[in-house]
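Colleague: I would like a close look at one part of this model, the charged pairs, with whatever surrounds them for context. Please take it in one go.

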Amino acid sequence: MAIREQPTAGAPSARRGGGGAGPTWVRARALARARARALVGSCHPGPTAAVTVLVTVLARAAGHSALTTALIAAAVLAGQLSVGWCNDAFDARRDIAAGRRDKPIAAGAIGVRTVWTAAWCALFLCVPLSLACGPLAGTVHLAGVAAAWAYDLRLKSTAWSWLPYAAGFASLPAFVALSLPGNPWPAWWLACAGALLGVGAHLGDVLPDISNDLAAGVRGWPQRMGASATRLVLPLPLVAATALLVLGPPGPPGIPSAAALLAAVLVAVAGSVVGRRWERAAFAVAVMVAALDVALLVGRGAAIS
């Protein structure tokens, strides 16, 4: 059965006549605002904003000009938007069946066709923005976005669900490095740290929804492990990523770097504990460790290539 476009919840229908609802243009504007809010809610705004901001800071710290940094930020934002909208649009039937009122499509706030259109538009916009940073850099970034789409459309329900996250997050520092003059590849330890952060982000993102996912037949890697095991495993890739960033660059790590590694351990473990009560703590911790890692790179002045 096809999923039809639905009017925004709580908004008057455009076909409805007068009778106290105000002029037609006022109702239309209110409807447009409500749909815009629903569209933003469908893009997974927290992860989208976090990834975009962290990559932007990394690009600027790597020595990119303001213009190139803006291009990198725009390309990453477009890619993340496309992935988030694809995820919600593809999962619409499952979310509606599960009564997910926290999902704008399932709540009737926006139609699935609108979200699919937004996903494809963002993806098409991502292509020229990525390639504007250089053919090789753009291709690497688009490969990471393609991996994320593969997760949304197929791999999230397999034991390989971690792989698109690892590939996607590893592609981000590569995108930043390859956009530099001379197109240098990122340092091995930075790419590996990105991949490990991606695995941690995957575990943290899925952890709150494991029971719902299992009920809906989604059996990715974290779902197969179960919530308790996922919570125990979550700190490992996050701490390993920070350890690589501390020990990977040339030269002995100083006291601030050692303190950053200790902080990552404490934050990651605390996130696993707090995650039992606050569902979104796990992903928030992954973002905090990623922010700590970017600050570590900036503070040490470590070259990314």
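How many salt bridges does a search of the whole structure find?

Modeller: The model is predicted, and a search of the whole structure finds three salt bridges. Side chains of opposite charge can pair when their charged atoms come close.

Take Asp 91 to begin with. It forms a salt bridge with Arg 94, with 2.9 Å between the closest N and O atoms. Asp 91 has a relative accessible area of 7% and is therefore buried, as the limit for that class is under 20%. Arg 94 has 29% relative accessibility, so it counts as partly exposed. Asp 91 also forms a salt bridge with Lys 156, and here the closest N and O atoms are 2.7 Å apart. This pair links distant parts of the chain: Asp 91 sits in the loop between H3 and H4, Lys 156 in the loop between H6 and H7, and 65 residues separate them. Both Asp 91 and Lys 156 are buried. Through shared partners, the salt bridges join Asp 91, Arg 94 and Lys 156 into one network.

Another salt bridge pairs Lys 103 with Asp 88, where the closest N and O atoms are 3.2 Å apart. This pair, too, is described as linking distant parts of the chain: Lys 103 is in the loop between helix H4 (92-98) and H5, while Asp 88 is in helix H3 (residues 66-90), 15 residues apart. Lys 103 and Asp 88 are both buried.

Next, the rings. A search of the whole structure finds five aromatic pairs. One of them is Trp 120 with Trp 149: the ring centres are 4.9 Å apart and the planes stand at 50°, so the pair is tilted. Trp 120 belongs to helix H5 (residues 112-131) and Trp 149 to helix H6, so the pair ties together parts that are 29 residues apart in sequence. The two partners fall into separate accessibility classes: Trp 120, at 40% relative accessibility, is partly exposed, whereas Trp 149, at 7%, is buried. Ring pairs also bring in Phe 124, which is linked with Trp 120 and Trp 149 into a cluster. Helix H6 (residues 135-153), which holds Trp 149, has the highest mean pLDDT among the elements of the chain, 97.

Tyr 165 and Phe 169 make another aromatic pair, this one stacked, with 6.4 Å centre to centre and 15° between the planes. Both residues lie in helix H7 (residues 162-178), four residues apart, which is about one turn of the helix. Tyr 165 counts as buried at 15% relative accessibility, and Phe 169 as partly exposed at 23%.

Now to the other sites. Val 55 is in helix H2 (residues 45-61) and, at 6% relative accessibility, is buried. Leaving aside residues up to four places away in sequence, Val 55 touches Ile 72, Val 76, Leu 172 and Val 176. Its C-alpha atom is 7.8 Å from that of Val 76, which is 21 residues away along the chain. Val 57 is also placed in helix H2, but has a relative accessible area of 39% and is partly exposed. Val 57 forms a nonpolar surface patch with Val 53 and Val 298, and together they have about 230 Å² of accessible area.

Thr 242, in helix H12 (residues 235-247), is buried at 0% relative accessibility. Beyond four places in sequence, its contacts are Ala 260, Leu 261, Ala 264, Val 289, Asp 293 and Leu 296.

Last, the confidence of the prediction. The mean pLDDT of the chain is 85, with 89% of its residues at 70 or more. Among the elements of the chain, helix H14 (residues 281-300) has the lowest mean, 76. Over residues 1-21 pLDDT stays under 50, and for that stretch the model has 31 contacts beyond four places in sequence.

Notes. Residues numbered from 1 in each chain as written. Predicted model: local features only at pLDDT ≥ 70, side-chain atom pairs only at ≥ 80, totals over all residues. Heavy atoms only, no water. Helix = DSSP H or I, 4+ residues; strand = E, 2+ residues; numbered from the N terminus. Buried < 20%, exposed > 50% of the residue type's maximum accessible area, 1.4 Å probe, protein only. Contact = heavy atoms within 4.5 Å. pLDDT = per-residue confidence, 0-100. Patch = residues over 30% accessible without salt bridge, like charges linked within 9 Å, V, L, I, M, F, W, Y side chains within 5 Å. Areas by Shrake-Rupley, 256 points an atom, 1.4 Å probe, with all protein chains shown as cover. Salt bridge = Lys/Arg side-chain N within 4 Å of Asp/Glu carboxyl O. Phe/Tyr/Trp six-rings, centres within 6.5 Å; stacked < 30°, edge-to-face > 60°.
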